[in-house]
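Here is a short briefing on charge placement and backbone geometry. Please keep the model open while reading.

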Amino acid sequence: MKTDSAGEKFQKLVDIMARLRAPGGCPWDREQTFDTIKPYTLEETYEVLDAIDRRDWKGLAEELGDFMLQAVFYAEMAAEQDLFHIGDALDAINEKLVRRHPHVFGEESAETAGDVKRIWGEVKSAEKKDKGQGDGDLLGSVPRALPALVEAQQIASRAAGVGFDWENPDQVLDKLHEELAEFDQARRNRSQPELEDELGDMLFVLVNLARFVKVDPEQALRRANAKFRRRFGYIERKLAERGKKLEDSNIEEMEALWQEAKR
């Protein structure tokens, strides 16, 4: 029995999407635009991350299918307006991967991940010059529409790349303590705008601390969220076993169950 190749299966997805958008296709799919699909793209991205966090490999395969649908959906809408076609997007990423890996497909040499990052940066810089962009504003190319945590990571990394950085994690911790003190002062001043500023500064320093210790802050927070869910779920279950609801309990009882959950 012949098994379809990945390319044939991808083409089938492209054909299905074209049929859904065509006259007589799906009314919902036909009325979507680039802007209305954006929230689904973000949702599918986080569902991919969730499946990875849960090590749900079967679920990940399904979520990756949903994720690929987003790209095909955008490309189909672009093709309808004669902006570009899905093949153009595939050409672009294929050419970029080859171009940015000269240590694999060319004559460059890279022994470490650090070597690869250096080469990647050099190629990106050359690409900008070819497009007439030059180096320009270092942070200007960081999209402002990114989730704030991701934007902070990219801003901090780019600034660090040109030497605007602390020397070690201890200095970052010192800065965090400084920001904590400033936050506490803002709290005492009862200044809401100042509180927001100082809390933002604290979060930005934490992102930098994560960078120094090579921890992805997004993943760290997701793990913390999952941990809280598990422990709080334990509290709810134990209270239910006692014939209680959350609102029937008190902080002392819930704290005791929280400690049980931790153990």
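Start with Glu-196, which counts as exposed because its relative accessibility is 62%. Glu-196 sits in helix 10. The model is predicted.

**Negative surface patch**

- Glu-196 belongs to a surface patch of negative charge, together with Glu-182, Asp-197 and Asp-201.
- Helix 10 spans residues 192-212 and is the biggest contributor to the negative patch, with 3 residues.
- Patch members must have over 30% relative accessible area and no salt bridge. Glu-196, at 62%, is over that area cut-off.

- The model holds 16 salt bridges.
- Side chains of opposite charge can pair when their charged atoms come close.
- One of the bridges joins Glu-127 to Arg-99, with 2.6 Å between the closest N and O atoms.
- That pair connects distant parts of the chain: Glu-127 is in helix 7 (residues 113-130) and Arg-99 is in helix 5, 28 residues apart.
- Glu-127 is buried, because its relative accessible area is 11%. Arg-99 is partly exposed, at 38%.
- Arg-100 also forms a salt bridge with Glu-127, and here the closest N and O atoms are 2.6 Å apart.
- Arg-100 lies in the loop between helix 5 and helix 6 (102-105), while Glu-127 is in helix 7, so this bridge ties together parts 27 residues apart in sequence.
- Arg-100 is buried, with a relative accessible area of 10%.

- Arg-118 pairs with Glu-122 in a salt bridge, the closest N and O atoms being 3.3 Å apart.
- What separates these two partners along helix 7? Arg-118 and Glu-122 are 4 residues apart, so about one helical turn lies between them.
- Arg-118 is partly exposed, with a relative accessible area of 39%. Glu-122 is partly exposed as well, at 43%.

**Buried charges without a salt bridge**

- Glu-44 lies in helix 3.
- Glu-44 is buried but has no salt bridge. Its nearest side chain of opposite charge is Arg-54, 11 Å away.
- A salt bridge needs a side-chain nitrogen within 4 Å of a carboxyl oxygen.
- Which residues does Glu-44 touch, leaving aside neighbours within four places in sequence? Its contacts are Glu-63, Asp-66, Phe-67 and Gln-70.
- Arg-231 lies in helix 11 (residues 217-241).
- Arg-231 is also buried and also has no salt bridge. Glu-255 is its nearest side chain of opposite charge, at 9.1 Å.
- Neighbours within four places in sequence aside, Arg-231 is in contact with Trp-258, Ala-261 and Lys-262.

- Most residues other than glycine have a negative phi.
- Arg-55 has a positive phi, near 55 degrees, and is not a glycine.
- Arg-55 is placed in the loop between helix 3 (34-53) and helix 4 (57-80).
- Is Arg-55 buried or exposed? Arg-55 is exposed, because its relative accessible area is 53% and the exposed class begins over 50%.
- Asp-82 is not a glycine either, yet its phi is positive, at about 55 degrees.
- Asp-82 is found in the loop between helix 4 and helix 5 (86-99).
- Asp-82 is exposed, with a relative accessible area of 60%.

- His-85 lies in the loop between helix 4 and helix 5.
- His-85 is partly exposed, with a relative accessible area of 39%.
- How far apart are the C-alpha atoms of His-85 and Pro-193? They are separated by 47 Å, and the two residues are 108 apart along the chain.

How values were computed
Residues numbered from 1 in each chain as written. Predicted model: local features only at pLDDT ≥ 70, side-chain atom pairs only at ≥ 80, totals over all residues. Heavy atoms only, no water. Patch = residues over 30% accessible without salt bridge, like charges linked within 9 Å, V, L, I, M, F, W, Y side chains within 5 Å. Areas by Shrake-Rupley, 256 points an atom, 1.4 Å probe, with all protein chains shown as cover. Lys, Arg positive; Asp, Glu negative; His and termini not counted. Charge placed at Lys NZ, Arg CZ, Asp CG, Glu CD. Helix = DSSP H or I, 4+ residues; strand = E, 2+ residues; numbered from the N terminus. Buried < 20%, exposed > 50% of the residue type's maximum accessible area, 1.4 Å probe, protein only. Contact = heavy atoms within 4.5 Å.
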